[in-house]
Amino acid sequence: MNTIRLTMAQALVKYLAAQRIELDGQERDGQEVALFEGVFAIFGHGNVAGLGEALYHVQDTLPTFRAHNEQTMAHAAIAFAKANGRKRLMAATSSIGPGAANMVTAAALAHANRLPILLLPGDTFATREPDPVLQQVEHFGDPTISVNDCFRPVSRYFDRISRPEQLLISLPQAIATLLDPEHCGPATLALPQDVQTFAYDYPLAFFAPRVHRIRRLPPDAFELRQAVAALQHAKRPLVIAGGGVHYASACEALAAFAQVRGIPVAETQAGKGALADSHSYAMGAIGVTGSAAANHLAEQADVILAVGTRLQDFTTGSRALFEGSDKVLIALNVGRFDSVKHHALPLTCDALIGLEQLDAALGKWRGSDEWREQARTLKHEWAEVVRSVTRDQGLALPTDAQVIGAVNRQAGSDTTVVCAAGGLPGELHKLWQCSGPGSYHVEYGFSCMGYEIAGGLGVKMAKPEREVVVMVGDGSYLMHNSELATSVMLGYKLVVVVLDNRGYGCINRLQHATGGAGFNNLLQDCRSIDAGAPKTDFAAHAQSLGCQAESVTGIAELEQALIRARNASSTYVIALDTDPLPSTQEGGAWWEVAVPEVSKREQVNVAYQGYREAKQRQAH
């Protein structure tokens, strides 16, 4: 057998560099590209001598990118994969200890959102000869446990490589998990620092270039017949589009299906942008942060076809929006786990193939004329609401909705908006008018504060030709902003709009809605030596990180600043003060947030009664 003697770390990076993928979808069928764009790395004693030295020698085929925080570099890698429809990937490596622990949050985010990332945390010595080493967490009853065991519940695949030859088995399994349409998520290979440096005679065939193609699961014939029969009896059908529509490259197929069949389409956070807002049957967002049009149709629909969505509580209104016994729910999903939720008729298959085969089997069936006309009327009415709440009212402290309107008006068809946690994702879900696939990138499966700027970097790395606009609140900005410096260093320009409502405005509103007093959210309501924390100069801070930046007041100034930002050559940050109290009341649905049964505050007692009444509408 022809072999090559390499360290485990050298073998790992050589294998990653040899992996390629055949893309599909619009204008790129059959195109082969590198599977891995590169590796984000922050080195420490647990990975610098082994993996770091190995990465140094493959920079031409597997670039290494330096970041400023392990969590956010992993967020950038996850965003890169999401923006590429889960078809191209990145890896992230850290040392053992705090570096590895930082990446656990990102692993959870990737797990919740079913997004691929290869995590390569260093680990303690397999030999245990120098134990306890710097940063080692000693478990008194189990010496095999390290910080990296925290990755187990938030990884789709986990292994600790204790011998160099184990890569031959484990590394292909990790790649298979990353590319599996059903089990996609983070794969973690914990790498003891001594084992990284151990040599082994690896078969040369292991490093032969391999071209992957993501498999497409066809529907079961019986499940397809069930779904077709249900739809053919429908008078008031509705489609709910989830992230799986994007990942299956099924956006065009869905647009055609909706047009031909006369079916209105509502979108989840992950599914938003599957249809351009201009599409005749695009009803906008559904659920807790949904449009009045989509939610009204969901309540009235007799058959709902949920495509590529895990049907979480924000989509279903905590199981109170469209769970009536008189409705039929069809769950078209590549994952069995998701296709049987909510007692649905399962249609377990790839979204593109499933839509194509449904369309072929439906004959001349369409939704009723009355239903289509109702959808058109509701779409027009909601468009008027959006125009009203997003227009400039000349306020010194504009609302989030008005800021969104300004950014949306300045956005071209080449713009991708990026956001994550807080109130902004809800307002964006309701109000942002998408130009089509790729125009909307919001992480709301894990709703992780601090994803925004790092996520924007990952999107820009994936799609450098697009204008990437990050919308972020002051809370998330202060939590994680250091990848602004990385974007400047790497030359990936972002436009970042910082909405400063001086605290955690979203949770402050929820606190009041559940009867609580303003407490520990807005800075003015926090323990401090005087009236809240000092006012942060976000523009000055961004400038200190190498960005161009300015502060503005009101919407008119914001719109002019957005023009300057678009014409800038490097990352540009715009900060403005906003009103922390208002949110868009139109649209939306109930969301279950538990309220205390007993409280000294009468407002809490009143909220509890409303909570109990709302739960009566909830399906069980």
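## Ground rules

Because the model is predicted, local features need pLDDT of at least 70 and side-chain atom pairs count only at pLDDT 80 or more, while totals for chains, interfaces and linings use all residues. Residues are numbered from 1 along each chain as its sequence is written, and side-chain values use heavy atoms, with hydrogens and water left out.

## A three-stranded sheet

Let's start with an open, mixed sheet whose three strands follow the order β3-β2-β11. Strands here are DSSP E runs of at least two residues, helices are H or I runs of at least four, and both are numbered from the N terminus; two strands pair if DSSP finds at least two bridges between them. The edges belong to β3 (32–34) and β11 (210–212); each has a single partner strand, so one side of each lacks a neighbour in the sheet. On average, neighbouring strands are turned by 35° against each other, direction ignored.

Strand β2 (residues 19–22) runs parallel to β11, and three bridges join them. One partner pair to look up is R20 with V211 in β11. Helix α1 (residues 8–18) packs on this sheet and touches β2 and β11, its direction making about 20° with that of β2. Contact means heavy atoms within 4.5 Å, and axes are lines fitted to C-alpha atoms (for helices over the stretch in contact), with angles from 0 to 180 degrees between N-to-C directions.

## Salt bridges across the chain

Side chains of opposite charge can pair when their charged atoms come close. The structure holds 24 salt bridges, counted when a side-chain nitrogen of Lys or Arg lies within 4 Å of a carboxyl oxygen of Asp or Glu. One of them joins R88 to E37, with the closest N and O atoms 3.0 Å apart. R88 sits in the loop between α3 (70–83) and β6 (89–94), and E37 in strand β4 (residues 36–41), 51 residues apart. R88 counts as buried at 15% relative accessibility, where buried means under 20% relative accessible area, exposed over 50% and partly exposed in between (1.4 Å probe, protein chains only).

K493 and E467 form another salt bridge, at 3.1 Å between the closest N and O atoms. Both K493 and E467 are buried. R502 and D577 also meet, at 3.9 Å from N to O, linking the loop between β21 and α20 (505–513) to strand β23 (residues 572–577) over 75 residues. R502 is partly exposed at 24%, as is D577 at 27%.

## A charged network

Finally, D123, D149, R152 and R160 are linked in a network of salt bridges.
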